[in-house]
Amino acid sequence: MGIFKNRWVVEKGKPLTEMDKKILAAQKQGHKVPTRKLIKTEEQIEGIRRSGVINTGILDMITAEIKEGMTTWDLDELIGQYTADHGAISACMGYEGYPRYSCISIDDVVCHGIPDKKSILRPGMIVNVDVSTILDGYFSDASRMFIIGETTEEKQRLVDVAKECLMVGMQAAKPYSYVGDIGFAVQCHAQKNGYSVVRELCGHGVGLEFHEEPEVTHYGRPKTGMLLVPGMVFTIEPMINMGTMHVHFSQVDGWTVTTLDHQPSAQWEHTFVMRETGLEILTH
Ligand code: MF3
Ligand code: CO
């Protein structure tokens, strides 16, 4: 047991709640449990939901506007404008020095593609647009895939299966299940379809900060990783590769992640809150 292990602290002088009991039981069995800060209040969840409404508005706007011939810079400018028009801030801009409002990742770019004036959208490309918004201090995060014109059957299937991977991950995330249950479900679905799961990047807690605990890996074993407690807000965002799971981190721009074999990659992402009844999407 290391010093980095969270310990659930019960509230002094108050009787144990059902939640306390379940968390303490899991902790006793050696499971990783959240800190209190990771259990959002209703007020915080409403704040994250309002942030999510703008984030979804951005992706809906992009869905209407995206077309062949545009550059990723053009899309990013639209995102910056929409964000400002709605009184929000991009969580990406300036994050650890990141220079743009969004991440736009084409074909073999797994994630963190930096919008630029030279990347022109061409027929057949598969494009991930990843948007993260701060509103009144609350963070939301989601991404979608777009297909420019018509693509090959292979790339279409990759995009579809990546979306299914997000859905099976969502379904596996039950109250008082574990992060590893999500990862296991995603990994099984990807591999069953002949694809691989990126391991170096994962989903994450979100809401009061851009990236919080837990790390939501998209591979793993059932009943491992952090306990998923009602009130936790986190993303699921599997990056699914057609070929090798191995990726390359650009040493040139410090951000762009590509597949090592340059085969295409696809990703869908939502922000969720865990409820007593199951997952609720905050970026619909
Ligand atoms: N939006 C990404 C995620 O899903 C994080 C991007 S960090 C940035 O977690 F700086 F590149 F924007
Ligand atoms: Co994210």
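Two strands pair if DSSP finds at least two bridges between them. Strands (E, at least two residues) and helices (H or I, at least four) are DSSP runs, numbered from the N terminus. One such bridge links Gly205 to Glu212 in strand 8. This is a predicted model, so local features need pLDDT of at least 70 and side-chain atom pairs count only at pLDDT 80 or more, while totals for chains, interfaces and linings use all residues. Residues are numbered from 1 along each chain as its sequence is written, chains are lettered from A and ligands numbered from 1 in the order in which they are written, and side-chain values use heavy atoms, with hydrogens and water left out.

**Pockets**

- Rolling a probe the size of a water molecule over the atoms shows where empty space is left.
- A pocket is found on a 1 Å grid over the protein atoms alone: it is an open set of points where a 1.4 Å probe fits, with protein on both sides within 12 Å along at least five of seven lines. Lining residues have an atom within 4 Å of a point.
- A volume is the space filled by probe spheres set on the points, with grid points joined across faces, edges and corners.
- The largest pocket holds about 430 Å³ of space.
- Its lining has 23 residues. His112, Leu201, Cys202, His204 and His211 lie nearest the centre of this pocket.
- Strand 4 (126–135), strand 7 (203–205) and strand 8 (212–216) are the elements that give two or more residues to this lining. Strand 8 gives the most, with three residues.
- By class, the lining of the largest pocket has 11 nonpolar, six polar and six charged residues. Here Ala, Val, Leu, Ile, Met, Phe, Trp, Tyr, Cys and Pro count as nonpolar, Asp, Glu, Lys and Arg as charged, and the others, Gly among them, as polar.
- The second largest pocket has a volume of about 160 Å³.
- Residues lining the second largest pocket include Thr72, Ile104, Ser105, Ile106, Asp116 and Asp253.
- Strand 2 (residues 103–106) gives the most to this second lining, with three residues.

**Strands 7 and 8**

- Strand 7 and strand 8 run antiparallel, joined by three bridges.
- They form a hairpin with six residues between the strands. In its turn, Gly207 has a positive phi of about 140°.
- Strand 8 contains Pro214. The peptide bond from Glu213 to Pro214 is cis, with omega near -5°.

**Sheets and another hairpin**

- In a regular strand the side chains alternate between the two faces of the sheet.
- One open sheet has three strands in the order 6-10-13, with antiparallel pairing. Strand 6 (196–197) and strand 13 (265–267) stand at the edges with a single partner strand each, so one side of each is left without a neighbour in the sheet.
- Strand 6 pairs with strand 10 (residues 239–241) over two bridges. Ser196 has Asn241 in strand 10 as its bridge partner.
- Another open sheet has three strands in the order 3-12-11, also paired antiparallel. Strand 3 (109–111) and strand 11 (247–249) are its edge strands, each pairing on one side only.
- Strand 11 and strand 12 (residues 257–259) run antiparallel, with three bridges. Phe249 has Val257 in strand 12 as its bridge partner.
- Strand 14 (residues 270–275) and strand 15 (residues 278–281) run antiparallel, joined by four bridges. They form a hairpin with two residues between them.
- Met274 has Leu279 in strand 15 as its bridge partner.

**Helices**

- Helix 2 (residues 42–65) packs on helix 3 (residues 72–85) at an angle of about 140°, with axes 10 Å apart. Axes are lines fitted to C-alpha atoms, for helices over the stretch in contact, and angles run from 0 to 180 degrees between N-to-C directions.
- In this contact (heavy atoms within 4.5 Å), residues of helix 2 including Ile54, Ile58 and Met61 meet residues of helix 3, among them Leu75, Leu78 and Tyr82.
- The residues of the contact of helix 2 with helix 3 divide into eight nonpolar, two polar and one charged.
- Helix 4 (residues 153–172) lies across strand 10 and strand 13, at about 40° to strand 13.

**A loop residue**

- Glu96 is in the loop between strand 1 (89–90) and strand 2. Its phi is near 45°, a positive value in a residue other than glycine.
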